[in-house]
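Dear colleague,

Please find below the structure I am handing over to you. My findings follow it.

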Amino acid sequence: ATKKKLARNWNSGRERDFPDDDDPDHLVPAIPEDTPHVPYKPPQRTDEEILRRSREYYELMAQRRTVRAFSPEPIPDEVLNNIIKTAGTSPSGAHTEPWTFVVVQDQSVKEAIRTIVEEEEELNYTQRMSRQWVTDLKPFATKHIKPYLSEAPALLLVFRQTHSWRADGKKKMHYYSEVSVAIAAGILLAAIQYCGLVALTSTPLNCNARLRELLSRPVNERLELLLPVGRPHQNATVPDLSRKTLSEIMVKI
Ligand code: IYR
C-alpha cells in the first residue's frame, strides 16, 4: 500500500497512463536492461594539479555576476551550441535528461517574449508579489520594464519536461526533474561564464503558459528559467554585493 501511495505521488497524474507495477508486461526499463557497463578512465591528475585547478575554477566562478545590460553583438552559433551541449551533460534522474533549451535570436520573437514578460511582470510587481518581496528587490533596481529581453543577442529558455513518452505510448517517468533541471541550469551558467559571456538568471513569474505557446512547446514542458546571454553592455553596472564566507556556508564534520 505504501509503495502504491509513493508511486501515486510520483506519477501525480492519471495513474492508468503510467507503466503499472502490477502489469508484468510493462515492467520494462526505459533504458535497455542489458546496457553494458564500460570502463571509465578520465585523465588522472596529481594533487598539485587538482589544487591548482580548484583555485583557478573558483577564481573564474567568483567573477560571475548577474548582468542586466547587454551589448547587442551576436554570439557565434557554435558557442551557443557548445554551451547547450555542456548543459546537456548534466546528471539527471534515471538518465531521463528532462530538459529542452530554446535558443531565441530572432528579433521579432525576442520582442514578443519581452511584451509577454513585461505584461506579466507589471502585474507581478503591482499585485502578485508581496510588498516585502518588492522591497527586498530594491537594491537590485529591477522593474517590470526589461530592455535586455530585446537587446541581448540571445535568450535561452530552459524548459523542464515533467515526463515524456515511451515507445509503447505509456508515460515515461522523469524522476527528480526539478533538481535535474536545476543542476543543468547551474552547469549552463558555468559554461557561459567559462567562455567569457554573461547572463541574467531570471524566473519569469506566471509566464509559463504564454511563452510555451509562443515558442510552440508541448504541455509536458514547463518554463523554469529565461537567460538573456551575451556580452555585457559597456556601461553595465552590478550592485556591489559580497558573498557569504566559507565558514558561513560550510559545516565540516
Ligand atoms: N521576476 C521579477 C522580479 C524579481 C524577483 C527576484 I527573487 C529577483 O532576484 C529579481 C527580480 C523580475 O525579473 O523583475
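A nonpolar core is taken here as a set of buried Ala, Val, Leu, Ile, Met, Phe, Trp, Tyr and Cys residues joined through C-beta atoms within 7 Å; a residue is buried if 20 or more other C-beta atoms, placed from the backbone, lie within 10 Å of its own. This is a predicted model, in which local features need pLDDT of at least 70 and side-chain atom pairs count only at pLDDT 80 or more, while totals for chains, interfaces and linings use all residues. Residues are numbered from 1 along each chain as its sequence is written.

The largest nonpolar core has 35 residues, of which L155, L157, V158, A199 and V229 touch the most other members. Elements that each supply at least two residues of this core include α4 (107–128), β3 (154–161), α7 (177–195) and β7 (221–232). Helices (H or I, at least four residues) and strands (E, at least two) are DSSP runs, numbered from the N terminus. Beyond its neighbours within four places in sequence, L155 is in contact (C-beta atoms, placed from the backbone, within 7 Å) with V104, K110, I113, L149, L226 and P228.

The protein chain contains 9 helices and 7 strands, and 22% of its 253 residues are buried.

Around the ligand lie E121, N124, L137, F140, T142, S202, P204 and L205, each with its C-beta atom, placed from the backbone, within 6 Å of it.

The unreviewed UniProt entry annotates residues 62–231 as "domain: Nitroreductase"; such annotations may be inferred rather than shown by experiment. That span is 41% helix and 21% strand, with its end C-alpha atoms 17 Å apart.

Yours sincerely

Definitions and conventions: A residue is buried if 20 or more other C-beta atoms lie within 10 Å of its own, exposed if 12 or fewer, and partly exposed in between; C-beta atoms are placed from the backbone. Two residues are in contact if their C-beta atoms, placed from the backbone, lie within 7 Å.
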